[in-house]
Amino acid sequence: PTTPTTTGSTTVSGSVSAALDMTSPVTSTLITPQGVATFATFKLTNSSSAAAKVTMLKFKRTGISSDSTLNNVYLYSGAARLTDSASVSQGVVNFSDASGLVVVPAMSSVTVSVRADVASGVNGQTLGIMLTDGMTDAGALSGLPISGAEMNFAVAPAGMANANFSATTTIASIDPQNDFVVWQANLNIGNRDALMSSIRFQQVGSVYASDIKNLRFMVDGTQVGAAVDQVDANRFATFSFASPVTVKAGNHTIKLVGDVVAGSGRNLKFSLRRVVDVEITDSQLGVVVTPTVLNGGFVAVEPVNAASINPGTITVTKDTSSPSGNVVLNGSGVTLAKFAIKAAGEELKVENLTFNFQLNGAATSGPKIRAGSIFADGVQIGSQQDISGLALGTQFNLGSSLVIPAGKTVMVEVRADI
């Protein structure tokens with residue numbers, strides 16, 4: 001990227017330019033109050049052969065309005081929120097992050113939207129957003145200043161949809177398991193149907209990101225949207241719906257379900273932490289509804305305590321591919337059985353396995369099965385030995401040859417000479 005230089009008080013522009021995006025809203029009337037209304041969308045284009053990090057963006061409030069017209073201001077890129085909330089001070093709102101607010105790929109572009117919560121009682125005012133200044137690690141943004149359209153405000157009409165959360169579920173401790181409800185709450189939609197376009201949860205417990213897998217969002221027992229493999233680097237699981245989900249007026253149970261594959265000795269706690277982490281709109285007005293909790297202001301919707309994950313477990317099941325029926329007489333290295341062994345909660349070492357066999361449906365002290373061998377995923381483990389028909393069977397000592405990572409399944413196969 002081009003290295004920015006400064007002469008006196010003038011900063012040389014870098015390789016990233018700014019323009020008003022074609023999706024930026026035109027002048028319209030916004031309802032007050034409402035959450036995360038979109039005021040302007042800007043397109044940042046990188047003409048360099050190297051990616052550029054946008055480290056600072058400064059905006060100016062325009063129109064006939066005051067700093068208190070907007071309660072919280074955010075930056076988004078598409079459905080992804082880039083920042084926590086900022087406030088307008090003396091007509092200006094500034095976002096900065098040395099590690100990058102957003103990265104503009106080489107020879108490409110991204111969009112950045114300014115969204116904000118509109119305060120109550122501001123009807124009659126007008127407000128727009130102007131991008132006045134910006135910096136990247138490739139220099140200053142060019143093409144500035146740029147103004148978005150100015151918006152008008154009106155009081156919300158009677159009968160507008162509302163959303164209220166209540167009754168989260170608290171769990172003391174859990175065993176590692178699949179399809180576990182890691183978060184649950186009741187959601188009441190009032191007055192008329194609403195549309196949910198996104199919701200995101202933050203994992204605030206001590207488990208690692210990879211400990212909880214296959215996260216799914218459920219409304220009244222039905223999965224909505226695609227599963228999320230695991231939380232991201234910031235510990236968020238985000239569900240964005242290309243076609244907003246209709247949530248009918250009335251009471252609903254919403255859940256976050258996941259597979260607890262590891263984390264023994266640690267704890268998990270998922271939270272709907274901020275009002276901006278769920279986006280619900282009135283189905284008729286298209287206005288973002290500001291949700292409440294227990295009919296009051298919004299607070300984090302989360303269990304009181306984190307759930308601790310119990311020590312790891314081993315599960316052994318006969319695999320569906322395990323042979324049955326007759327075997328060839330005088331066969332060598334014949335597969336007699338297959339077992340799926342799964343570790344959950346933590347990495348576990350299987351130090352020994354014991355096998356026996358029955359002759360005509362009963363244990364026997366006479367014959368043995370010669371040259372018994374154990375294979376794990378096709379690789380022999382332990383030493384070869386005859387398998388006894390006694391009830392106590394024959395123990396194969398494995399040392400450290402069968403260590404199963406948390407959440408993984410190993411196929412164990414018994415072979416012998418017949």
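The largest pocket in this predicted model holds about 450 Å³ of space. Its lining is made of 25 residues, and those closest to the centre of the pocket are Arg81, Leu82, Thr83, Arg200 and Phe236.

Now move along to the second largest pocket, with a volume of about 210 Å³. Leu336, Ala337, Phe339, Phe355, Asn356, Phe357, Ile369, Ile387 and Val414 form its lining. Strand 31 (residues 334–344) gives the largest share, three residues. Here eight lining residues are nonpolar, one is polar and none is charged.

Among the residues lining the largest cavity are Gly35, Val36, Tyr74, Asp117, Val288 and Val289. Strand 5 (34–46) and strand 27 (288–289) are the elements that give two or more residues to this lining. The lining of the largest cavity has eight nonpolar residues, two polar ones and one charged one.

Three strands make an open sheet in the order 17-29-24, with mixed pairing. At the edges sit strand 17 (173–174) and strand 24 (267–268), each pairing on one side only. Strand 24 runs antiparallel to strand 29 (residues 307–309), and two bridges join the pair. In one of these pairings, Leu268 has Ala307 of strand 29 as its bridge partner.

Note on methods: Residues numbered from 1 in each chain as written. Predicted model: local features only at pLDDT ≥ 70, side-chain atom pairs only at ≥ 80, totals over all residues. Heavy atoms only, no water. Pairing = 2+ DSSP bridges. Helix = DSSP H or I, 4+ residues; strand = E, 2+ residues; numbered from the N terminus. 1 Å grid on protein atoms, 1.4 Å probe; cavity = no way out; pocket = protein on both sides within 12 Å on 5 of 7 lines; lining within 4 Å. Nonpolar A, V, L, I, M, F, W, Y, C, P; charged D, E, K, R; others polar. Points joined across faces, edges and corners; volume = space filled by probe spheres on them.
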